[in-house]
Amino acid sequence: MAEREIAQRLFAKEFNASTLSLTNTFSGDVPDMNPPNLLISPTGVRINRVFVVGVITEVEKLGSEAGNECDLWKARISDPTGVFIVYAGQYQPEAAIFLSTVSVPSYVAVVGKARAYEPEKDSVFISIRPEEINSVEGTIRDRWVLDTAELTLKRLDLLSEILSDQAHGGELSEHMRSNGPDTGSSEAVLNAVAFYGTDQNYISKFRQSVRKALLFIKENAGLEIQQKGDAENLIVKLLKELNNGKGVQYSCLLKEVGSQRVPEEVADAAVRSLLAKGECYEPKHGVIKLV
Amino acid sequence: MNDKYAPHIEELSKALEGVGYTDIQTELDNLLRFRVPLEEAKRTILNKFRPKEACEIKIKDILKSPKSFALKGRIISVEKKKIVLKGETAYLYSGKLLDETGVCLFTAWDDFCLNEGDIIKIYNVHMKLWNNRPEINFGQRSIVEKLPEDPSLPKDEKIFTQTKKIIEINPSDLLVSSQGVVTEIYHRDIIVKGKDTIIIEGVIADDTGKLPFSSWVPMEGVDIGNAINFRDAHVRLFRGIPSLNFTHMTSWELLPDNKCPFSKNKIMTDEPSYISIGSVLEKDGLFDVVVTGNIISVRPGSGLIERCPVCNRVIQNNVCRAHGTVEGIRDMRVKAILDDGTGAVYIMLNRELSEVIYGRSMEEAENIAKLSMSKDAVYESMKRSLIGTYLAVRGNSSKSEFGTTIVARYAWVPEDDLLSRLDDLLLKLPEDI
């Protein structure tokens, strides 16, 4: 049985630079299976499937192809380092419907296959063909950036180690054989180094963009956590004030919170968090009461 | 005969030691006269003169055995089993066989008059992996030769018992010795061959891992929190996960606290450890693991389903595969793929967990289905609320031809301290000057 392709996490900057495509060079795979189409990223990730979370900033209908009823949709999904391009056509009907109705801007999660399109020599366009696409909350985006930063830094560390070994006359492939996680990915790293000329300069530059991405999230997450904390305090206060012994109607609570200019989704998240922490409970459906 | 064949004859006679040069020459000459291609002629000759006796191996080399081999050993147990094959009743004989180097399971698909204690030499048998365990198979072409008693063959399989840490116990072990703390224990009444029997089930853990165990013999004085030292427990497989089986062969004793090589309290209070999905995939089955990842797909078959009241199978249109037309029992579940960037596993959530994670009760889901006149509406709604989200699940993993699956015992949305993770990462990333 062939294992399911991992949904790789990588930043748009790295993804869009992944112009090296491999179809079939990995030996030892199950022979009667179609080998997956792979792109190799500059740090040596074997990309087939990706998982990205970002802000959808633009949706464009590219019109029907001649003699074809179905539309082609193009969307731009931004992460702190760049933009992912997503195309959904007649074979991704669910994603196409999603894109036709999604509000812009908003947070979305996409699972899809990496595609390379090479209209002429030396110009390759990398895009995602979605398998799944969905609206998500902002915290999921923040976590995705963190996860992706962690995984990317790990790869950069390994790569940097390999390159410095090589610089000191060590045998590159020898090192990979003893330290590489598995043969498929070590081969990918070797290919990446040979094709992109990935070097220490690239690595330190990339580290800086990861740093920028993290700082960007930190600002954002700090703000959100602050906002949520404020909202929680406000709600606890209101629950105390409005309590007539039987708890407070949820709709009534939201109205009061809204009058203090707290957005409804923040208030909703705060109530859920309070419920999860056990500070308040629902004696009846739609009624919130402090413990 | 043409000289140009001389190197080939040379090559053949090297491969076939003890066969005369002229014999090979005559044979090749004969075949070539029939215009048999040279390669085929060489193969034919090799096959004709190669010694018929298959090579003999020892049990320790069983995993790299040739297709067909011979082996000498002692039968230490044998059991007759009735099976129904294509509507016909047949018997097979299975048990254990040992030699000086190890123990192995065997299955005989014919009656070879095997008895416990027999010393036998078997020819033309082959090895097959059954539940990831090597097993010697006696087929129609196998020959059994009974030999007189041989004192060089051990009588007891216990001499091959290995002492291992819990995490090291794997399906290829038959008997194993180890130490651990009993973290769970239950008594269960079951009926075996018409007799009421009490069996003990539980979980045993050390500082490396934990495994389920069951005992057919009473374990007086053992309770939750006791550390025990056991010898010669059987390793059984249940859904790809090794489990320990205490029988009359197993001996055990309580381990005083000062002799525990690990901290008992730590094991008793230990929170389950999170592991990467990539490392779950490396193992055939793991007991009680926790993984976190993103739901990257909700599979068809999620949502509202109906089950057969007899066998609990999922049914369509009130027709069960085994029981025909039945009145289905309503149920709800989530089948999804969880991916953490190191690997992907299937996860299964039962009704209770689905209700929590999906955020709607089954009744609410049924209302959605009713309003939209479609059961798919619930599946679609699940996809909308689940895809992309973070989820942690705890349960056992097992590998099958469909991939690795974790059947969730618990599932929750993992809390995450984003800011402290952020700060940790930023510490490792000094600003470029």
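Me: Which residues are exposed on the other side of helix H1 of chain B, and what makes them "exposed"?
Reply: They are B:Pro7, B:Lys14 and B:Ala15. The word exposed is kept for residues with over 50% relative accessible area. Keep in mind that this is a predicted model.

Me: And which residues of H1(B) are buried?
Reply: In this helix, residues 6-15 of chain B, the buried ones are B:His8, B:Ile9, B:Leu12 and B:Ser13. They span an arc of only 130 degrees around the axis, so they lie on the same side of H1(B). What they pack against is helix H2 (21-33) and helix H3 (38-49) of chain B.

Me: Why is strand E5 of chain B called largely enclosed?
Reply: Buried means under 20% relative accessible area. Six of the six residues in E5(B), residues 133-138, are buried, so the rest of the structure largely encloses this strand. B:Arg133, B:Glu135 and B:Asn137 point one way, B:Pro134, B:Ile136 and B:Phe138 point the other way, and all are buried.

Me: In the open sheet of chain A, what makes E10 and E11 edge strands?
Reply: The order of this three-stranded, antiparallel sheet is E10-E12-E11. Strand E10 (248-249) and strand E11 (280-284) each have a single partner strand, so one side of each lacks a neighbour in the sheet. E11(A) pairs with strand E12 (residues 287-290) over three bridges, and A:Cys280 is the bridge partner of A:Leu290.

Me: Why are helix H6 of chain A and helix H9 of chain B called roughly antiparallel?
Reply: Their axes cross at roughly 155 degrees and come within 10 Å. Angles over 145 degrees count as roughly antiparallel, so the description applies to H6(A) and H9(B). Their crossing is left-handed. Residues that meet there include A:Leu214 and A:Ile225 in H6(A), and B:Leu419 and B:Leu426 in H9(B).

Methods
Residues are numbered from 1 along each chain as its sequence is written. Chains are lettered from A and ligands numbered from 1 in the order in which they are written. This is a predicted model: local features need pLDDT of at least 70, side-chain atom pairs count only at pLDDT 80 or more; totals for chains, interfaces and linings use all residues. Side-chain values use heavy atoms; hydrogens and water are left out. Buried means under 20% relative accessible area, exposed over 50%, partly exposed in between (1.4 Å probe, protein chains only). Helices (H or I, at least four residues) and strands (E, at least two) are DSSP runs, numbered from the N terminus. Two strands pair if DSSP finds at least two bridges between them. The arc is that of the directions from the helix axis to the C-beta atoms. Contact means heavy atoms within 4.5 Å. Axes are lines fitted to C-alpha atoms, for helices over the stretch in contact, and angles run from 0 to 180 degrees between N-to-C directions. Angles under 35 degrees count as roughly parallel, over 145 as roughly antiparallel, 65 to 115 as roughly perpendicular and the rest as oblique. A crossing is left-handed if the near helix is turned anticlockwise from the far one by less than a right angle, and right-handed if clockwise.
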